Amino acid sequence: MAKTTLLTVTALLTVLMMVTVSSGTQSIPTIAIPQPLHFLDLEGNDTIASPGPYVVSPEGIDEMTLRSQEGNLVLTLQADGIAHEGDLNSPQALVMPGEEGTFHIMLLLPNGIGFEATGTSTGIQARRSEPVL
């Protein structure tokens with residue numbers, strides 16, 4: 001599964017790089033959420049992102065923020081740090097469906113790092129585990 005995800009992300013990055021280069025502009029990382037999606041906020045509580053466009057930005061080392069384009073809604077989500085191999089000139093955001101009703105929001109930064117928040121369409125998901133030590 002990890003190899004398939006990496007190939008999918010690599011293919012999406014290739015398309016995104018072509019779009020960014022052809023437009024010649026710095027892009028603001030935005031996504032369009034297709035349906036109501038449940039994520040965990042910083043306290044581990046369920047928070048719902050309604051369908052629509054959002055600006056995605058990093059916030060700290062393990063969180064990301066979704067801001068509605070109207071600016072009236074701000075959601076701060078738990079996120080995991082990820083690495084990518086894309087050669088990006090500006091941040092790129094992706095939303096991708098996963099397995100069993102999951103959805104992944106990824107924010108990829110030009111320096112090869114990024115953030116990933118995993119949500120579900122059902123609201124049923126495992127809570128982030130706390131370190132044992």
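**The open sheet**

Four strands make up an open sheet, ordered β1-β4-β5-β6, with antiparallel pairing. The edges are β1 (30-33) and β6 (74-78); each has a single partner strand, so one side of each lacks a neighbour in the sheet. From one strand to the next, the twist averages 35°. Axes here are lines fitted to C-alpha atoms, for helices over the stretch in contact, and angles run from 0 to 180 degrees between N-to-C directions.

Some ground rules. This is a predicted model: local features need pLDDT of at least 70, side-chain atom pairs count only at pLDDT 80 or more, and totals for chains, interfaces and linings use all residues. Residues are numbered from 1 along each chain as its sequence is written, and side-chain values use heavy atoms, leaving out hydrogens and water. Strands are DSSP runs (E, at least two residues), numbered from the N terminus. Two of them pair if DSSP finds at least two bridges between them.

Now the pair β4 and β5. Five bridges join β4 (residues 52-58) to β5 (residues 63-68), and the two run antiparallel. Valine 55 has arginine 67 of β5 as its bridge partner.

Next, β6. Leucine 75 sits in this strand. Leucine 75 is buried, at 8% relative accessible area (buried is under 20%, exposed over 50%, partly exposed in between; 1.4 Å probe, protein chains only). Beyond its neighbours within four places in sequence, leucine 75 contacts Thr47, Ile48, Ala49, Met64, Thr65 and Leu66 (heavy atoms within 4.5 Å). Its C-alpha lies 9.4 Å from that of phenylalanine 39, 36 residues away along the chain.

Glutamine 78 is also in β6. Glutamine 78 is buried too, at 13% relative accessibility.
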